[in-house]
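Dear colleague,

My notes on what was found in it follow directly after.

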Amino acid sequence: QRLCHVLSNSRFLGDALNKSVESVTWLGDDDALIARSRESLDVQCRSSLSRNADGINDFATSMRAMRRHEIERIGLARLSGVMDETACLTGMTDVYDAIIDAALTWAIRYQTSAMGLGEPPAAIVAIGMGRYGGQEVNFSSDADMILLYRPADGADEQVANQFARKVVDALRQVLQGPTTLEPKIEIDLDLRPEGKNGPLIRSYASCREYYSSWANTWEHQALLRARFVAGDRALGEDFLHDIANPLRYPISPLTDAQLGEIRKLKARMEAERLPRGVRRDRHLKLGKGGLADVEWTVQLLQLQHAGDNASLRLNSTLATLDELERRRFIDRGDAAGLRKAWRRCTAARNGNYLWNGRVSQADILPDDMYSLGGIAVYLGYDAHRGQHFENDLMGTMRKARDVAEHLFYGR
């Protein structure tokens, strides 16, 4: 019964089952469907690290196959009613965390050996950003990160820099290179200092100088979801405590110029990043009342109040929203509207991807009743209720947009 339900409601999972037929057996065992713990994932990663110390192809294959397997497991669990949406987001984040931690460990060991060094000349850390930093990974999400290094005591700065750049190359080769038939694991480094124009990895000292002297207000905002992911924990904690925290949790209130900068960037993003030909009310991320409206509204309130309220220093959108409501920085009705929109848009995004299997279409709500009906089933609607689902979602997004107009744009 579960197999028929999955095959009729998910092209992505149908294709996945063809590649790993043994996973069909999971459908008969709820315990086998539940997302594996981080500890269990780490055990598998350590085993792969020990078996593939030198061979990039075998190691990359094992990491990518693990991700494919675990995302399939979580998708099957969600469609079978074994896991809820929140558990799925956490489970998929854990998969990314375990793999990136293992891949960075492998890359550091590999380059230390390749350069003929006894010890790594630099500590390296990966900091999660965006939805990945907030532990809100979708089925279609990539992993937003920034990477930085700090030379080891007595190490030559030039050697440390060369080593760090080579480690990033090796990390990207493991996750994204054409080394295996398994699908790539996408990471996005565009939120790093200077964006696409900046180096893929920079030193801790360089990061500190950039953020203290050149960072825009929106970059302070982006740091709200920054968290340690992999690599040298001491370096990660120094970055978060000494560089990120003073900017993302400011003691002084935002100036009118800073508020204007954030609002202007948000409006520009809505105007320029929306795909051509897509109606604004049908884009689950950038559309009116979509994920960006909810997240930017929550983050603006965080920037305004987290400096004086340590309980607001959270990475998760919903956890922050709950705390904002508890401390009465947002009233109950507005919080409920934003929360409902975020949950429904997130679920619709996941359901859309599982339905059609295309990352490029995951954010766009289709307009044909057949596809809408398939996504609706993922959200718990009965069959052939696509129109009802569409009306509910659009109404929820309109209400969230009204809240954003008031709280974010001040209208």
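At what distance from the ring centre does Arg-150 lie over the face of Tyr-204? The distance is 5.2 Å, where a charge sits over a ring if NZ of Lys or CZ of Arg is within 6 Å of the ring centre and within 35 degrees of the ring normal. Another such arrangement places the charged end of Arg-78 over the ring of Tyr-378, 4.3 Å from its centre.

Two remarks on conventions are in order. This is a predicted model, in which local features need pLDDT of at least 70 and side-chain atom pairs count only at pLDDT 80 or more, while totals for chains, interfaces and linings use all residues. Residues are numbered from 1 along each chain as its sequence is written, and side-chain values use heavy atoms, with hydrogens and water left out.

Aromatic pairs

The whole structure holds 10 aromatic pairs (rings of Phe, Tyr and Trp, the last by its six-membered ring, with centres within 6.5 Å; planes under 30 degrees apart are stacked, over 60 edge-to-face, the rest tilted). Trp-106 and Tyr-110 are stacked, because their ring centres are 4.8 Å apart and their planes stand at 10 degrees. Both residues belong to helix α6 (residues 85-114), 4 residues apart, about one turn of the helix (helices, H or I of at least four residues, are DSSP runs numbered from the N terminus). Trp-106 is buried at 1% relative accessibility, whereas Tyr-110 is partly exposed at 32% (buried means under 20% relative accessible area, exposed over 50%, partly exposed in between, with a 1.4 Å probe and protein chains only). Ring pairs also join Phe-59 with Trp-106 and Tyr-110 in a cluster.

Nonpolar cores

The largest nonpolar core has 108 residues, of which Ile-100, Ile-124, Leu-175 and Phe-389 touch the most other members (a core is a set of buried Ala, Val, Leu, Ile, Met, Phe, Trp, Tyr and Cys residues joined through side-chain atoms within 4.5 Å). Helix α6 gives the most to this core, with 14 residues. Apart from it lies another core of 20 residues, including Ile-146, Leu-148, Leu-223 and Phe-239.

Charged residues

Side chains of opposite charge can pair when their charged atoms come close. A search of the whole structure finds 27 salt bridges (a side-chain nitrogen of Lys or Arg within 4 Å of a carboxyl oxygen of Asp or Glu). Asp-30 and Arg-2 form one of them, at 2.8 Å from N to O. This pair links distant parts of the chain, with Asp-30 in helix α3 (residues 30-33) and Arg-2 in helix α1 (residues 2-9), 28 residues apart.

Arg-339 and Asp-322 meet in a salt bridge of 2.9 Å, N to O. Arg-339 lies in helix α15 (residues 332-356) and Asp-322 in helix α14 (residues 317-326), 17 residues apart. Arg-339 is buried, with a relative accessible area of 13%, while Asp-322 is partly exposed at 38%. Lys-266, Glu-270, Asp-293, Arg-401 and Glu-405 are linked in a network of salt bridges.

Finally, Glu-295 in helix α13 is buried, with a relative accessible area of 7%. A polar contact of 2.8 Å joins the side chains of Glu-295 and Arg-131 (a pair of N or O atoms within 3.5 Å; within protein, one must be able to donate a hydrogen and the other to accept it, and residues adjacent in sequence count only if both atoms are side-chain atoms).

Yours sincerely

Notes:
Helices (H or I, at least four residues) and strands (E, at least two) are DSSP runs, numbered from the N terminus.
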